[in-house]
Amino acid sequence: ECEETNPYSSVRWKTYNQGDEITICVTDQSGVVQVSEFVDLVVVEEGVSQYNFISNTVYNPEIITPECLDATVSERRVCIAKIRALALFFHGDTFRDLTISG
């Protein structure tokens, strides 16, 4: 997770409400490889639900906005995905961590 205004800065343990936008940033820390695009992006609430925001590069633009920013002289290439916190991840008063992978 990251700040939209600074995609190279990590954010941790932020609490979201249903419908909020969550910004995810992916970049290479080693400088050996370069992020090209999002092929798959899955959000899992362990033991409860799972949603494929991107599956084989296909996505719904109403709930996710992926984009990649080219590298500059001082910054590495970064891919950003803004996803909506969907209702299926909110169950009464029980809050569980979400795992994002892809």
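Which elements of the chain have the lowest and the highest mean pLDDT? In this predicted model, the lowest mean value, 79, belongs to strand E2 (residues 6–10), and the highest, 94, to strand E6 (residues 58–59). For the chain as a whole the mean pLDDT is 85, and 98% of the residues reach 70 or more.

The interior was examined next. In soluble globular proteins, nonpolar side chains tend to be buried together. The largest nonpolar core in this model comprises 17 residues. Ile22, Phe38, Leu41, Phe53, Ile64 and Ile83 are the members with the most contacts inside this core. At least two core residues come from each of E3, E4, strand E5 (49–55) and E8. Of these, E8 supplies the largest share, with three residues.

Phe53, listed above among the core residues with the most contacts, also takes part in an aromatic pair with Tyr51. A search of the whole structure returned one such pair. The ring centres of Tyr51 and Phe53 are 4.9 Å apart, and their planes form an angle of 75 degrees. The pair counts as edge-to-face because the angle between the planes is over 60 degrees. The two partners can be set side by side in terms of accessibility: Phe53 is buried, at a relative accessible area of 2%, whereas Tyr51 is partly exposed, at 27%.

Open space in the model was also located. Rolling a probe the size of a water molecule over the atoms shows where empty space is left. The largest pocket holds about 960 Å³ of space. Its lining consists of 34 residues, and those nearest the centre of the pocket are Glu1, Tyr16, Leu98, Thr99 and Ile100. Two or more lining residues are given by each of strand E3 (21–27), strand E4 (41–45), strand E8 (78–84) and strand E9 (98–101). Sorted by class, the lining contains 21 nonpolar, eight charged and five polar residues.

Backbone geometry was considered last. Most residues other than glycine have a negative phi. Asn56, which is not a glycine, has a positive phi near 55 degrees. Thr57 likewise has a positive phi, of about 70 degrees, without being a glycine. Asn56 is located in the loop between E5 and E6, and Thr57 is placed in the loop between E5 and E6 too. Asn56 is exposed, with a relative accessibility of 56%, while Thr57 is partly exposed, at 37%.

Notes. Residues numbered from 1 in each chain as written. Predicted model: local features only at pLDDT ≥ 70, side-chain atom pairs only at ≥ 80, totals over all residues. Heavy atoms only, no water. Phe/Tyr/Trp six-rings, centres within 6.5 Å; stacked < 30°, edge-to-face > 60°. Buried < 20%, exposed > 50% of the residue type's maximum accessible area, 1.4 Å probe, protein only. 1 Å grid on protein atoms, 1.4 Å probe; cavity = no way out; pocket = protein on both sides within 12 Å on 5 of 7 lines; lining within 4 Å. Points joined across faces, edges and corners; volume = space filled by probe spheres on them. Helix = DSSP H or I, 4+ residues; strand = E, 2+ residues; numbered from the N terminus. Nonpolar A, V, L, I, M, F, W, Y, C, P; charged D, E, K, R; others polar. pLDDT = per-residue confidence, 0-100. Core = buried A, V, L, I, M, F, W, Y, C linked by side-chain atoms within 4.5 Å.
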